[in-house]
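Please open the structure in a viewer and keep the selection tool at hand.

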Amino acid sequence: MNSTVPIEYDDYSLSSETTDSLNRYDQNFLVEHYNSLPNDDNKKAFKASLEGVDYDDLFQNKLPSALNNDKSSDKSGFDPDTIRPFPMPVPDTNTNTNTNTNLKVAACIMAGGAGTRLGFPGPKGTFPVIRNKTLFDFLIPRCPSDLPVYIMTSPDNDEETQEFFRKRNYYGRGPSGFVFFKQSMLPTLSPTHKLLLSTPHSLLLSSSGNGS
């Protein structure tokens, strides 16, 4: 059994709440690692990252849920999370789009993935399929012009995706025809439920899934 790791407090020290949480969930090796780092801007960024995690939710809710999903493919008793509404786009008087205030539906494109498996160095939606026509080029024109389109991106590709739409002049719908939102990210755990690092100064993060 691992012992609790105490720390001395200064401007670079982790909060007592974070330290207690890491020790409580057997992640005290991270406290040791953190304390071994030199006091610099990288350490400050790492501190903010560690203190930004809800460890109770991660280990008491997210992890048990993931383990239960792995054990059974039967989703008959699955209760989805409460639906969280996104703000409807403001009508664009210049392009006369989204003027139907009674809209109850919207299109949603899951575009958080990278083009890694396609061998493409960019957002998957910008992958040229035929004659430089991208996946977005095929999908967006299929959406009715008065239907708001929600584009789910990731922290890694959000800026590049939005720049792509700007260059496409938002397909003639205006910026208000789209709502871009980033999928949430969670710290990645090893098979033994240890938090993983992507660099000595940052946690390894992964997508929490389309349903989050």
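Is Y171 buried, partly exposed or exposed? With a relative accessibility of 21%, Y171 counts as partly exposed; buried means under 20% relative accessible area, exposed over 50%, and partly exposed in between, with a 1.4 Å probe and protein chains only.

This is a predicted model, in which local features need pLDDT of at least 70 and side-chain atom pairs count only at pLDDT 80 or more, while totals for chains, interfaces and linings use all residues. Residues are numbered from 1 along each chain as its sequence is written, and side-chain values use heavy atoms, with hydrogens and water left out.

**Stop 1: residues with positive phi**

Remain at Y171, which is placed in the loop between α6 and β5. Helices (H or I, at least four residues) and strands (E, at least two) are DSSP runs, numbered from the N terminus. Y171 is not a glycine, yet its phi is positive, at about 55°. Most residues other than glycine have a negative phi.

Next, select N132, in the loop between β2 (128–130) and β3 (133–134). Its phi is also positive, near 65°, and N132 is likewise not a glycine. N132 is exposed, with a relative accessible area of 64%.

Helix α1 itself covers residues 16–24, and its buried residues are T18, T19, S21, L22 and N23.

**Stop 2: F136 and its surroundings**

Select F136, in helix α5. This residue is buried, with a relative accessible area of 1%. Which residues does F136 touch, not counting residues up to four places away in sequence? They are I109, A111, G125, T126, P141, I151, T161, F164, F165 and Y171, where contact means heavy atoms within 4.5 Å.

**Stop 3: the nonpolar cores**

Select L50, Y55 and L195. These residues have the most contacts inside the largest nonpolar core, which has 17 residues. A nonpolar core is a set of buried Ala, Val, Leu, Ile, Met, Phe, Trp, Tyr and Cys residues joined through side-chain atoms within 4.5 Å. Helices α2 (28–36), α3 (41–51) and α4 (55–71) each supply at least two residues of this core. The most come from α4, which gives four residues.

Centre the view on L50 and display its contacts. Leaving aside residues up to four places away in sequence, L50 touches L14, T18, L30, Y34, Y55 and L203.

A second, separate core has 14 residues, including A111, C143, F165 and F180.

**Stop 4: salt bridges**

How many salt bridges are counted? The count comes to five, a salt bridge being a side-chain nitrogen of Lys or Arg within 4 Å of a carboxyl oxygen of Asp or Glu.

Begin with D57 and K62, which form a salt bridge whose closest N and O atoms are 2.5 Å apart. D57 is partly exposed, with a relative accessible area of 22%, and K62 is partly exposed at 36% relative accessibility.

Now select R168 and D137, another salt bridge, with closest N and O atoms 2.9 Å apart. This pair links distant parts of the chain, 31 residues apart: R168 lies in the loop between α6 (158–167) and β5 (178–182), and D137 lies in helix α5 (residues 135–139). R168 is partly exposed at 31% relative accessibility, whereas D137 is buried at 11%.

Continue to R166 and E163, where the closest N and O atoms of the salt bridge are 2.9 Å apart. These two residues are separated by about one helical turn, because they are three residues apart in helix α6. R166 is partly exposed, with a relative accessible area of 40%, and E163 is partly exposed at 30% relative accessibility.

**Stop 5: a pocket**

Finally, select G112, G113, A114, G122, P123, S154, D156, N157, E160, Q183, M185 and S207, which line the second largest pocket. On a 1 Å grid over the protein atoms alone, a pocket is an open set of points where a 1.4 Å probe fits, with protein on both sides within 12 Å along at least five of seven lines; lining residues have an atom within 4 Å of a point.

About 160 Å³ of space lies in this pocket, the volume being the space filled by probe spheres set on the points, which are joined across faces, edges and corners. The lining divides into three nonpolar, seven polar and two charged residues. Here Ala, Val, Leu, Ile, Met, Phe, Trp, Tyr, Cys and Pro count as nonpolar, Asp, Glu, Lys and Arg as charged, and the others, Gly among them, as polar.
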